[in-house]
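Reader: Before I use this model in my own calculations, I would like to go through the assignments and the cut-offs behind them. Could you take me through them one by one?

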Amino acid sequence: MAPRSKAPERLQRYKAKRDFAKTPEPAGGQAPEETGNRFVVQRHRARALHYDFRLEAGGVLLSWAVPKGPTLDSNAKRLAVHVEDHPLEYFDFEGVIPGGQYGGGDVIVWDWGTWTITDGTDPIEATEKGDLHFDLDGERLHGHFALVRRGARGGKEQWLLLHKKDEHAVDGWDAEDYPSSVKTGRTNDEVKAAPAASWSGSDNWAAPNSEESAALEGLGKKGSWGFRGRELQLTNLDKVLFPADSSGPRSPSEI
Ligand code: MN
């Protein structure tokens, strides 16, 4: 494991690219935890559609932009452009990055879960070597994957994301066949249409008060809910809206 003190240093590129007065993305101020092994894939409609593939390691989210998205098809090789590490708070960011800002566009949480390195023990070291083998246990992605560096173009490292042939392999599997968020059930269009309803506003976060919480619990699978003076239309309420750590909302990405 990389020492804890490395995480702030690793986030310098992330911070330099963004104006946190204008973007709802997280600034990354939380003390990083070194032991987490979450992964997230975000569908990001920026200048070009891509999927941001992020693996938690060493107190940051190692990140790649995958234009065609990950796949369970073991015959496919997906281009994955290595991009700057992201803060852990980015893990469940869903929202809209304003036009004119870095990565301007809408973002949904397309998949999430946990990952385990299978070849070696140190993900940071494996990433530096350009050869990372791992298992994913997500809602959509399962099984054995690899990320392998192939070279660089225009100053950007080009990698390939592969799904190994295993019991989860499905020929022709296409991420675009699964358009909704695993966090909120919303599509990119729905997030774009109502960014204020995403849990990613740049105003200070507050947990719902007891009255608001009771109203939320009283809803079925969908309904409208008053929160901080706003009327929110909620769907797919079997999803977790407020993570147990209640560390607040987070936000989107690059390219
Ligand atoms: Mn992105």
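**Assignments and their grounds**

Author: Ala 31 has its place in the loop between helix 2 (12-16) and strand 1, where helices (H or I, at least four residues) and strands (E, at least two) are DSSP runs, numbered from the N terminus. The model is a predicted one, in which local features need pLDDT of at least 70 and side-chain atom pairs count only at pLDDT 80 or more, while totals for chains, interfaces and linings use all residues. Residues are numbered from 1 along each chain as its sequence is written, and side-chain values use heavy atoms, with hydrogens and water left out.

Reader: Why is Ala 31 called exposed?

Author: The relative accessible area of Ala 31 is 62%, and exposed means over 50%, buried under 20% and partly exposed in between (1.4 Å probe, protein chains only); Ala 31 therefore counts as exposed. In space, Ala 31 is 8.3 Å from Gly 59, C-alpha to C-alpha, although 28 residues separate them in sequence.

Reader: What makes Asn 188 buried?

Author: Asn 188, which is found in helix 4 (residues 188-193), has a relative accessibility of 1%, so it counts as buried. Not counting residues up to four places away in sequence, Asn 188 touches Arg 43, Arg 45, Asp 106, Val 107, Ile 108 and Pro 179, where contact means heavy atoms within 4.5 Å.

Reader: How do you know that strand 8 and strand 9 pair?

Author: Two strands pair if DSSP finds at least two bridges between them, and strand 8 (residues 142-153) and strand 9 have eight bridges in the antiparallel sense. One of the bridge partners in strand 9 is His 163, which stands against Phe 145. The hairpin of these two strands has two residues between the strands, and Gly 154 there takes a positive phi near 60 degrees.

Reader: Which other strand pairs with strand 9, and over how many bridges?

Author: Strand 4 (residues 77-86) pairs with strand 9 in the antiparallel sense over five bridges, and Lys 77 stands opposite Leu 162 in strand 9. Strand 9 (residues 156-163) is mostly covered, with six of its eight residues buried.

Reader: What is meant by the largest nonpolar core, and which residues touch the most other members?

Author: A nonpolar core is a set of buried Ala, Val, Leu, Ile, Met, Phe, Trp, Tyr and Cys residues joined through side-chain atoms within 4.5 Å. The largest such core has 36 residues, of which Phe 53, Leu 55, Phe 134, Leu 141 and Leu 147 touch the most other members. Elements that each supply at least two residues of this core include strand 2 (49-57), helix 3 (123-129) and strand 7 (131-138), while strand 3 gives the most, with five residues. Leaving aside neighbours within four places in sequence, Leu 141 has contacts that include Phe 39, Val 41, Phe 53, Trp 110 and Trp 173.

Reader: Why is the contact between Glu 25 and Arg 18 called a salt bridge?

Author: A salt bridge is a side-chain nitrogen of Lys or Arg within 4 Å of a carboxyl oxygen of Asp or Glu. The side chains of Glu 25 and Arg 18 meet at 3.0 Å, N to O, in a salt bridge. Glu 25 is buried at a relative accessible area of 4%, and Arg 18 counts as buried at 8%. The structure holds 13 salt bridges. Another joins Lys 22 and Asp 19 at 3.9 Å, N to O, and Asp 19 counts as partly exposed because its relative accessibility is 31%. Salt bridges that share partners join Arg 18, Glu 25 and Glu 84 into one network.

Reader: Where does pLDDT stay under 50?

Author: pLDDT is the predictor's confidence in each residue, from 0 to 100; its mean over the chain is 85, and 78% of the residues reach 70 or more. Over residues 199-205 the pLDDT is below 50, and this stretch has 29 contacts in the model beyond near neighbours in sequence. Residues 239-255 also have pLDDT under 50, and the model has 76 contacts for them beyond four places in sequence.
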